[in-house]
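I opened the model today to look up a few points and wrote them down as I went. The entries follow the order of looking.

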Amino acid sequence: MVIRDGYTFLKREYGPLHLLSPIYIAITLGCGLLIVANVLRKKKHVSYFVSVGSLCLLILCSATFVGERMVGLKVELLPIAYTVCAGGILEVCYSVPEMYRKKLHCIRIWDDTPQQQYLKLVEQYNEELGVQVKEKTARLVEVQNDIIVSMASIVENRDNNTGGHIRRTSDVVRAFVEHLLATDYSSTLTREIADQIIKAAPLHDFGKIAIPDSILNKPGKFVSEEYEIMKLHAKKGAEIVARILQNSDDLQFKNIAVNVAHYHHEKWDGTGYPCGLVQEEIPLEARIMALADVFDALVSNRVHKGQFSFDEAFGIIEESSGSHFDPSLCKAFLQCRLQIETLYG
């Protein structure tokens, strides 16, 4: 610390070894210039842009080094010298002369012993086996779907009042679900769940197999006792579907299929059957199925009712929003009217 005219100054003092610093910097910059000069002389082995850029950097550093010494600035150039030196080394790496490059060789070593050949064979076999398993699994899923549709058709053939109902409602569910995937429901209705709802749709009336023919095919309206027996098809259907799929590995599909069969006659306001569920207590898949089921019943001929027009059917659906049907689903169903009408030709 130096006191001068009442002011305190910080004075730096360097030992003898500090004199080596400028010498080192000068040598570094000089070597860098020689390296870049050599690179430019053999510029066919290195990027011209990189060479000129490095040269400009060295000239700038050299000028700064000499200039600050001439005007007496206290500037530490050692970090810059390190940077330039690193750049020079990179230039050397990029500018290996062709004569040396020809002497470089690439050697590849691998194990080709019987043990390694066996491991490669096992790996190849596992890959082929994995492909075969995927193909067999896809085929089993197709067979399962065909069996489901066939069994549903057998059940439907017992009911003379609803010919083609299984196919039509399945088509409506498919069109409706595809529409939902393109709306706000895409956040809760994934592609996987949508496919499983479509797959489960043919099973919604499976419980009718447990209803006596005298009631199922009665040519007229049910009396109260007969209607109570008819309503059992929802509960019976859920039990039968659960037994059929009890050994299925796809628990999500099993739950969706059981819910579709069990709750597709539930109503938003709680007046449905068999459990009297209210609003979102009703599973989403059952609320979707309810719309397709009722719509097809409205536009089809039944022994106890005539066939409604599309305008009448969609009008009834709209009037039942908030009572029979989920309001948001009902709104979406009305929005895909064109696709649904197309299914009926």
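How do the residues of the lining of the second largest cavity divide into nonpolar, polar and charged? I counted four nonpolar, one polar and four charged. I note here that the model is a predicted one. The lining consists of Glu 266, Lys 267, Trp 268, Ile 282, Arg 287, Ala 290, His 324, Phe 325 and Asp 326. For the volume of this second largest cavity I have about 40 Å³. My search of the whole structure gave three cavities of 30 Å³ or more.

Entry 2, the chain overall. I find 15 helices and two strands in the protein chain. The chain has 345 residues, and 35% of them count as buried. I also looked at contacts between residues at least 6 apart in sequence; 63% of these join residues at least 24 apart.

Which residues touch the most other members of the largest nonpolar core? They are Val 173, Phe 176, Ile 288 and Phe 333, in a core of 45 residues. At least two residues of this core come from each of H6, H7 (191–200), H10 (232–244), H11 (251–263), H12 (284–299), H13 (310–319) and H14 (327–335). H12 contributes the most, with nine residues. I then listed what Val 173 touches, leaving out residues up to four places away in sequence: Ile 197, Ile 198, Ala 201, Ile 288, Met 289 and Ala 292.

I checked the length of H6, residues 165–181, first. Its 17 residues should span 24 Å at 1.5 Å a residue, and the end C-alpha atoms are 24 Å apart, so the two values agree. H6 is mostly covered, with 13 of its 17 residues buried. I repeated the check on H12. Its 16 residues should span 22 Å, and its end C-alpha atoms are 24 Å apart, which agrees. H12 is mostly covered as well, since 14 of its 16 residues are buried.

Is Leu 329 buried or exposed? It counts as buried because its relative accessibility is 0%. I place Leu 329 in helix H14. Beyond neighbours within four places in sequence, Leu 329 is in contact with Phe 176, Leu 180, Tyr 185, Leu 284, Arg 287, Ile 288 and Leu 291. From Leu 329 to Arg 287 I get 7.9 Å, C-alpha to C-alpha, for residues 42 apart in sequence. Arg 287 is also among the residues that line the second largest cavity.

Gln 196 is in helix H7. I count Gln 196 as buried because its relative accessible area is 6%, and buried means under 20%. Apart from neighbours within four places in sequence, Gln 196 contacts Asp 250, Gln 252, Phe 253 and Ile 256.

The peptide bond from Tyr 273 to Pro 274 is cis, with omega near 10°. Gln 279 lies in the loop between H11 and H12 too. Its phi is near 50°, a positive value in a residue other than glycine. I noted both points because most residues other than glycine have a negative phi, and most peptide bonds are trans. Gln 279 counts as partly exposed, since its relative accessibility is 40%.

Methods:
Residues numbered from 1 in each chain as written. Predicted model: local features only at pLDDT ≥ 70, side-chain atom pairs only at ≥ 80, totals over all residues. Heavy atoms only, no water. 1 Å grid on protein atoms, 1.4 Å probe; cavity = no way out; pocket = protein on both sides within 12 Å on 5 of 7 lines; lining within 4 Å. Points joined across faces, edges and corners; volume = space filled by probe spheres on them. Nonpolar A, V, L, I, M, F, W, Y, C, P; charged D, E, K, R; others polar. Helix = DSSP H or I, 4+ residues; strand = E, 2+ residues; numbered from the N terminus. Expected span 1.5 Å × (residues − 1). Buried < 20%, exposed > 50% of the residue type's maximum accessible area, 1.4 Å probe, protein only. Core = buried A, V, L, I, M, F, W, Y, C linked by side-chain atoms within 4.5 Å. Contact = heavy atoms within 4.5 Å.
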